[in-house]
Amino acid sequence: MDSVRSPEWPVAPQGGPAANSATARYGSPAGAPPSGRAAPVPPPPYRPTGASGTAPVPRPAPAAAPPIPVKILIAGGFGVGKTTTVGAISEIAPLTTEAEMTSAGIGVDDPGVRSAKTTTTVAMDFGCVTIDRSLKLYLFGTPGQARFGFMWDDLARGALGALVVVDSARLDDCYPAIDFFERAGLPFVVGVNAFDGRLAHDLDAIRWALAVGDHVPLVQFDARERLSVRDALLVVLDRALDRATRERKT
């Protein structure tokens, strides 16, 4: 059977392109790649450049401000729990200057009948605790014996407040500490250490015996418990902040 051709389209010569192909009818489009070759790779997307012609370098986020250091004293009589207080709350291994008690201290260093204390602080205790990102407390525990009283002036320099630790069964041992801070004009809080979880007297009787005014906070806490020590230190901070606010207004 004979094939049927369109009369308008001539038959292409043998070996040539088909007469009705796009190439034969319209020719190669401008810029078309040669047959059998890969198309050119498109250019990368536009990116803005800096003044020097290089890509801008992203700026690092600003560093957070370091916490404000606050110095707090932990004071009180001999054997009332100052070293224990610092050790319970410090986020680092506390620095202590404990020395073994010897027979030379009999009748001089009396830790009380309820205490099994065999060492004594001969210089100071040191620890620190971060309250939040903006505040860090540096705790300095003072020696409790009267013969180390000359160190208190140096330790108190730069402090914003103090926690006076009290043993409710030996209130007379804390009188020198309270007198010192009253004379120095340093805000302080009286923290009654609950030995064995109980007090020898109630807080009202202790306030009367210590002869401290109502403006001085008096709290009960346990020197062995971290959260209890934290709450007592927060009262010291609040007292120091109240003092600073009143002084700023005057």
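Which exposed residues does the face of α5 turned away from its buried side carry? They are D204 and W208. Before I go on, note that this is a predicted model.

Now the other side of the helix. α5 runs over residues 203-210, and I206, R207 and L210 are buried in it. These three cover an arc of only 100° around the axis, which puts them on the same side of α5.

What do the buried residues of α5 pack against? There are contacts with α4, residues 175-184, with β7, residues 188-193, and with β8, residues 218-221.

The ends of the helix next. After α5 comes A211, and its phi is positive, near 60°.

On to charges. Side chains of opposite charge can pair when their charged atoms come close. How many salt bridges does a search of the whole structure find? Six.

One of them is between the side chains of K136 and E91, at 3.7 Å from N to O. This pair links distant parts of the chain, 45 residues apart: K136 sits in strand β5, residues 135-141, while E91 is in the loop between α2 and β2. E91 is partly exposed, with a relative accessible area of 39%.

R224 and D222 form another, with 2.9 Å from N to O. D222 counts as buried, because its relative accessibility is 15% and the cut-off for buried is under 20%.

Then there is D167 with R170, at 3.3 Å from N to O. Is this pair buried or exposed? Both residues are buried. Salt bridges with shared partners also bring in D173, so that D167, R170 and D173 make up one network.

Last, a charged residue without such a partner. D125 lies in strand β4, residues 125-132. D125 is buried but has no salt bridge, and K82, the nearest side chain of opposite charge, is 6.7 Å away. What the side chain of D125 does have is a polar contact of 2.6 Å with the side chain of T83.

That is what I have. Thank you.

Technical notes
Residues numbered from 1 in each chain as written. Predicted model: local features only at pLDDT ≥ 70, side-chain atom pairs only at ≥ 80, totals over all residues. Heavy atoms only, no water. Buried < 20%, exposed > 50% of the residue type's maximum accessible area, 1.4 Å probe, protein only. Helix = DSSP H or I, 4+ residues; strand = E, 2+ residues; numbered from the N terminus. Arc of directions from axis to C-beta. Contact = heavy atoms within 4.5 Å. Lys, Arg positive; Asp, Glu negative; His and termini not counted. Salt bridge = Lys/Arg side-chain N within 4 Å of Asp/Glu carboxyl O. Polar contact = N/O pair within 3.5 Å; in protein donor to acceptor, adjacent residues only side chain to side chain.
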